[in-house]
Amino acid sequence: MKNFLEIANSQTLFILCLVPILLVVGQSVIFVRMGLKRTKELNMNQTNVKKAMVNSAVFSLLPSLPIVITVAALMPSLGKYVPWLRLSVIGSVSYESAAADMTLRMFGYEGMGDASVSGPAFISAVWVMCGVSIVWPLVNVLLLKFYDGRVKSAQSSGGFMKVAAGAMFIGLMCVMFVPRAVNFQDPVGIVVCLTAGIAVVLLDWISKKLSLKWLSDFSFPMAMIMGMAMAIIIS
Amino acid sequence: MSEYNRKVHLVGRISSFLIIVALLGVPFLTSLFFKEEIDWGTTFAAIGSVLMVFGPVAVIEFLSYLPIIGAGGQYLSFVTGNVMNMKIPAATSGRKIAGVETGSDEGDAISMISIAISSLVTTAVLFVGMVLAAQLLPLLNSPVLAPAFANVMPAIMGALGFPVIVRDLRTSWLPALISVVLTVGLSYGTFMSKQGPMMILFLFISLAWSFFLYKRGQAQKAGAREVSERA
């Protein structure tokens with residue numbers, strides 16, 4: 001029976017992991033092309049569309065770095081390629097660690113970090129990580145068209161449904177933002193959260209007052225960097 | 001459903017299905033290539049245990065995100081993950097730059113493009129990170145930069161949530177107040193450990209409160225019309 005690292009760091013596994021990642025890249029490229037064509041059909045300002053694309057690329061760089069740290073942190077326990085795959089395709093830090101750890105414990109190991117994990121137990125952990133994560137795209141494949149049809153017809157009927165998406169976003173922020181802003185156990189987090197939030201509002205206000213459209217375009221990534229810089233200053 | 005929407009669903013379904021097959025192919029072909037016997041009983045038991053924890057989260061996310069990021073955005077987000085910390089902020093920021101509404105055709109198109117670009121950037125960064133992990137890790141974990149990376153989520157959520165809450169205080173004050181009370185009352189850790197049920201609760205509260213305000217606004221408009229007609 002092989003030790004898991006012989007499998008986990010093999011070229012075979014690299015190639016197997018590369019296939020879904022390339023498919024994800026292909027899907028993104030196709031959707032970008034479809035989206036661009038759609039914006040032309042809708043007579044949207046193409047300069048703004050390009051700005052939105054640049055903004056998305058710039059913004060996405062920084063939050064990707066902690067994911068790199070997670071990939072590196074998972075490497076001793078899961079080898080080089082599985083963390084790369086799992087955080088590139090449907091991955092999240094909490095999910096990957098919990099799924100792998102739970103599986104290895106069920107096989108009688110001490111969880112992730114146990115150096116004596118066997119090859120089959122490692123493959124089982126990969127089965128569990130991949131097997132459960134497909135629930136997200138699977139639900140989309142089975143139900144999204146139907147659900148989207150319902151949502152679209154409700155939105156086209158006008159009335160309250162026109163404002164419902166905004167209300168849902170507020171609900172989402174009451175779970176993702178508000179608790180962080182009042183988490184008194186983490187004062188640094190509160191300062192970071194409020195710095196970034198106030199910075200967005202201020203940058204947008206300055207951009208309006210001084211007619212600096214570019215400032216408003218990049219207010220989000222700039223505010224995020226200001227929040228993170230504040231964490232360095234006060235820590 | 002328009003021709004464009006039908007195409008989005010066709011491409012989204014086919015590509016998602018292919019990704020599912022490729023993903024399941026990784027453990028399947030690994031066990032074949034390395035001729036390792038899998039203990040299926042324990043593996044399925046582990047899948048069941050993990051599914052019980054994360055399955056409901058998937059269903060809640062499926063229902064919650066569509067009106068905000070559109071179908072194309074959802075197909076993309078659900079195969080790359082990091083929805084709350086990257087895909088929704090990227091889409092929101094993109095819509096703001098293009099000056100388009102959430103839920104509109106224009107908004108859905110911009111959300112889809114922004115999310116796809118975000119996915120491509122993350123995939124590229126992760127590839128570089130995987131190859132250069134040993135060289136990058138000391139820099140990323142340096143004592144100076146560590147607090148910044150430890151606070152990425154508060155920074156993103158602050159930049160995303162603060163303007164949403166303060167710019168529409170009429171709709172947001174009540175759900176935000178309930179969120180504050182629950183976070184302080186239950187503790188932050190308990191609140192966040194129940195993120196799935198909390199999401200359902202706050203979507204309901206926000207929708208119900210917004211509906212109440214909408215109906216009251218309509219009634220007031222009708223009242224004002226009646227008064228002006230009488231005058």
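A: In chain A, 55% of the contacts between residues at least 6 apart in sequence join residues at least 24 apart; two residues are in contact if their C-beta atoms, placed from the backbone, lie within 7 Å. This is a predicted model, in which local features need pLDDT of at least 70, side-chain atom pairs count only at pLDDT 80 or more, and totals for chains, interfaces and linings use all residues. Residues are numbered from 1 along each chain as its sequence is written, while chains are lettered from A and ligands numbered from 1 in the order in which they are written.

Q: How many helices and strands are there in chain A?
A: Chain A has 12 helices and zero strands. Helices (H or I, at least four residues) and strands (E, at least two) are DSSP runs, numbered from the N terminus.

Q: And is chain A compact or spread out?
A: Chain A is more spread out than a compact globule, because its radius of gyration is 22 Å, well over the 18 Å that the globule rule gives for 235 residues. The radius is taken over C-alpha atoms, and the rule is 2.2 Å times the number of residues to the power 0.38. Along the principal axes, the C-alpha atoms of chain A fill a box of roughly 70 × 50 × 30 Å.

Q: Where does helix 3 of chain A kink?
A: The kink, of about 30°, lies at Leu61(A), shortly before the proline Pro63(A), in a helix that covers residues 46–78. The bend at a residue is the angle between axes fitted to the seven residues ending there and the seven starting there.

Q: What follows helix 3 of chain A?
A: Gly79(A) follows, with a positive phi near 80°.

Q: Turning to domains, how is chain A divided?
A: Chain A has domain 1 (4–133) and domain 2 (177–234), with bounds that come from an automatic or database domain assignment. The C-alpha centres of these two domains of chain A are 28 Å apart.
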